[in-house]
Amino acid sequence: MKATVLVIDDDETIRHFLPRELKAEGYQVLTAESGQSGLQILEKEPVDLVLLDIRLPDLTGIQVLERIRVQWPEQIVVMLTGEPDHETAVQAMRLGARDYLTKGKPIREELLLVLDRELTAQKLGREVHHHRQQRSQKFSREFVRGQSPSMQAVYTIVEQVAQSDS
């Protein structure tokens, strides 16, 4: 399996055909027909990427995106819309949506490119985080010989600097 994708869309056609296309590409797909049910799935299931419709029956896609940002700030979200709206797209991007796709046109190829790009970036980010953790754990005062107060002060500064992203 490549990754798990959650499709939150009230359009039954989208919830039928989009998962079929994604499953054919090796993705595991979960679906929700409302914002609230999508949030409930996120609470129970680990999801790599959320495809989120702008218009839902209970909440707007923007409201769902805001809640996702609060509870799962690192969650990748790609917005879907049937009617492109520049203001909504800008608002979604400011809230952390990674992309904004229009459903009305054939989106299969574009969607697959976006999924590949975002999931690759997520994987690289996790690897970088893992390597940084390993690198910071390698520095330990046990391995350092100098015990003088001035050397201990240097080690304290080194530990602080090692934890920064600078």
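**Entry 1: helices α2 and α3**

I began with the packing of helix α2 (residues 35-44) against α3, whose axes lie 10 Å apart at an angle of about 20°. I take axes as lines fitted to C-alpha atoms, for helices over the stretch in contact, with angles running from 0 to 180 degrees between N-to-C directions. The angle makes α2 roughly parallel to α3, since angles under 35 degrees count as roughly parallel, over 145 as roughly antiparallel, 65 to 115 as roughly perpendicular and the rest as oblique. The crossing of α2 past α3 is right-handed; the term applies if the near helix is turned clockwise from the far one by less than a right angle, and left-handed if anticlockwise.

I then listed the residues that meet: Gly 35, Gln 36, Leu 39, Leu 42 and Glu 43 from α2, and Val 64, Arg 67, Ile 68 and Gln 71 from α3. Contact here means heavy atoms within 4.5 Å.

I note that this is a predicted model, in which local features need pLDDT of at least 70 and side-chain atom pairs count only at pLDDT 80 or more, while totals for chains, interfaces and linings use all residues. Residues are numbered from 1 along each chain as its sequence is written, and side-chain values use heavy atoms, with hydrogens and water left out.

**Entry 2: the chain as a whole**

I counted 6 helices and 5 strands in the protein chain, taken as DSSP runs numbered from the N terminus (helices H or I, at least four residues; strands E, at least two). Along the sequence the pattern is β-α-β-α-β-α-β-α-β-α-α. Of the 166 residues, 40% count as buried (buried is under 20% relative accessible area, exposed over 50%, partly exposed in between, with a 1.4 Å probe and protein chains only). Among contacts between residues at least 6 apart in sequence, 58% join residues at least 24 apart.

**Entry 3: the sheet**

I found an open sheet of 5 strands in the order β2-β1-β3-β4-β5, with parallel pairing (two strands pair if DSSP finds at least two bridges between them). Its edge strands are β2 (28-32) and β5 (99-102), each pairing on one side only. On average, neighbouring strands are turned by 20° against each other, direction ignored.

I followed the pairing from strand to strand. Strand β1 (residues 4-8) runs parallel to β3 and is joined to it by 4 bridges, with Val 5 opposite Leu 49. Between β3 and β4 (residues 76-81) there are 5 bridges, also parallel, and Asp 53 stands opposite Leu 80. Leu 80 has Leu 101 as its bridge partner in β5, and β4 and β5 share 4 bridges in the parallel sense.

**Entry 4: strand β3**

I checked how far β3 (residues 49-53) is covered: 5 of its 5 residues are buried. Leu 49, Leu 51 and Asp 53 are buried on one side, and Val 50 and Leu 52 on the other. With helix α3 (residues 61-71) and β4, β3 makes a right-handed β-α-β unit; right-handed means that, with the strands pointing away from the viewer, the path from the first strand over the helix to the second runs clockwise.

**Entry 5: Glu 118**

I located Glu 118 in helix α5 (residues 108-138). Glu 118 is buried, with a relative accessible area of 7%. Not counting residues up to four places away in sequence, Glu 118 touches Leu 49, Ile 76 and Arg 98. Glu 118 and Leu 49 are 69 residues apart along the chain, and their C-alpha atoms are separated by 8.3 Å.
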